[in-house]
Amino acid sequence: MAAGDVVYLSTAASVQFLRPIFVRVIRELPERHTYHGWVWIEGYQLNAAGDAIARRELFVMRAGVRMQALPARRRRPVRVG
């Protein structure tokens with residue numbers, strides 16, 4: 001996982017995600033020692049529109065993290081003048 005990646009976290013990543021979430025990764029936290037196959041990540045939880053709603057530090061199983069592309073956001077036209 002690299003900064004800017006959007007990942008989908010469900011129970012495959014950890015039992016804490018009974019309700020799956022999308023997260024935009026800020027960075028992995030390698031200084032935190034974990035069990036083999038697990039990692040700490042820092043990121044922004046995203047809402048359905050792709051907007052950041054909370055900054056979180058999450059402990060997840062790397063094999064359960066799914067890379068995800070969010071649908072392109074629709075922009076409203078801007079009126080000038």
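This is a predicted model: local features need pLDDT of at least 70, side-chain atom pairs count only at pLDDT 80 or more; totals for chains, interfaces and linings use all residues.
Local features need pLDDT of at least 70 and side-chain atom pairs count only at pLDDT 80 or more, while totals for chains, interfaces and linings use all residues. Residues are numbered from 1 along each chain as its sequence is written, and side-chain values use heavy atoms, with hydrogens and water left out.

**Exercise 1.** State the strand order of the open sheet and find which strands stand at its edges.

Solution. 
1. Strands are DSSP runs (E, at least two residues), numbered from the N terminus; two of them pair if DSSP finds at least two bridges between them.
2. The five strands have the order 4-3-2-1-5, with antiparallel pairing.
3. Strand 4 (52-61) and strand 5 (66-67) stand at the edges, each with a single partner strand, so one side of each has no neighbour in the sheet.
4. Strand 4 is joined to strand 3 (residues 38-46) by nine bridges; Gly-43 has Arg-56 as its bridge partner in strand 4.

**Exercise 2.** Trace the salt-bridge network that contains Glu-42.

Solution. 
1. A salt bridge is a side-chain nitrogen of Lys or Arg within 4 Å of a carboxyl oxygen of Asp or Glu; the count comes to four.
2. Glu-42 forms one with Arg-27, with the closest N and O atoms 2.9 Å apart. Glu-42 lies in strand 3 and Arg-27 in strand 2 (residues 21-28), 15 residues apart.
3. Arg-55 also forms a salt bridge with Glu-42, at 2.6 Å between the closest N and O atoms. Arg-55 is in strand 4, 13 residues from Glu-42.
4. By relative accessible area (buried under 20%, exposed over 50%, partly exposed in between; 1.4 Å probe, protein chains only), Glu-42 is buried at 7%, Arg-27 partly exposed at 40% and Arg-55 exposed at 52%.

How values were computed. Helices (H or I, at least four residues) and strands (E, at least two) are DSSP runs, numbered from the N terminus.
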